[in-house]
Amino acid sequence: MHSLEEVKNLVSDTLGLGERGAALKADSLLLGAIPELDSMAVINLITALEEQYGFSIADDEISAEVFDTLGSLTAFVDRKLA
């Protein structure tokens, strides 16, 4: 997971987590655990990922499992970049 730190920073910046963002680890829960991560924030996060990494995310690629933890989101990014 070479992009964990990048994805962590992107999540933190997109959600405006401030100091709380620095504490995120690979196993940190995202959906349901971070109040700022509502449905609109998920869309904003998807847009930020697409802009940061230059890939497109299809609707059928979006699932609760992808946004379960920082690690699962990072693994998704890694798969998209492979």
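Q: At what angle do H1 and H4 pack, and are they roughly parallel or roughly perpendicular?
A: In this predicted model, the axes of H1 and H4 lie 9 Å apart. The packing angle is about 115 degrees. Angles of 65 to 115 degrees count as roughly perpendicular. H1 is therefore, relative to H4, roughly perpendicular.

Q: Which residues of H4 does H1 meet?
A: H1 passes H4 in a right-handed crossing. From H1, the contact uses Leu4, Val7, Lys8 and Val11. Their partners in H4 are Leu70, Leu73, Thr74 and Val77.

Q: How many nonpolar residues does the contact of H1 with H4 have?
A: Leu4, Val7, Lys8 and Val11 of H1 meet Leu70, Leu73, Thr74 and Val77 of H4. By class, this contact has 1 charged residue and 1 polar residue, and the number of nonpolar residues is 6.

Q: How are H1 and H3 oriented to each other, oblique or roughly perpendicular?
A: The axes of H1 and H3 are 10 Å apart, and the helices pack at about 135 degrees. Roughly perpendicular ends at 115 degrees, and roughly antiparallel needs over 145. The pair H1 and H3 is therefore oblique.

Q: Which hand does the crossing of H1 and H3 have, left or right?
A: The two helices pack with axes 10 Å apart. Among the residues in contact are Leu10 of H1 and Leu45 of H3. The crossing of H1 and H3 is right-handed.

Q: How many nonpolar residues does the contact of H1 with H3 have?
A: H1 brings Glu6, Val7, Leu10, Val11, Thr14 and Leu15. H3 brings Ala41, Asn44, Leu45, Ala48, Leu49, Gln52 and Tyr53. Sorted by class, the contact has 1 charged and 3 polar residues, and its nonpolar count is 9.

Q: Which helices do the buried residues of H1 pack against?
A: The buried residues of H1 are Val7, Lys8, Leu10, Val11, Ser12 and Leu15. They pack against helices H2 (19-22), H3 (39-53) and H4 (70-81).

Q: What span does H1 reach from its first C-alpha to its last?
A: H1 covers residues 4-15, 12 residues in total. At 1.5 Å a residue, 16 Å is expected. The helix is close to that, reaching 16 Å.

Q: Which residue just after H1 takes a positive phi?
A: H1 runs over residues 4-15. Just after the helix, phi is positive, about 65 degrees, at Gly16.

Q: Why does Glu5 count as partly exposed?
A: Glu5 lies in helix H1. Buried means under 20% relative accessible area, and exposed means over 50%. Glu5 counts as partly exposed because its relative accessibility is 45%.

Key: Residues numbered from 1 in each chain as written. Predicted model: local features only at pLDDT ≥ 70, side-chain atom pairs only at ≥ 80, totals over all residues. Heavy atoms only, no water. Helix = DSSP H or I, 4+ residues; strand = E, 2+ residues; numbered from the N terminus. Expected span 1.5 Å × (residues − 1). Buried < 20%, exposed > 50% of the residue type's maximum accessible area, 1.4 Å probe, protein only. Contact = heavy atoms within 4.5 Å. Axes fitted to C-alpha atoms, helices over the stretch in contact; angles between N-to-C directions. Parallel < 35°, antiparallel > 145°, perpendicular 65-115°, else oblique. Left-handed = near helix turned anticlockwise from the far one by under 90°. Nonpolar A, V, L, I, M, F, W, Y, C, P; charged D, E, K, R; others polar.
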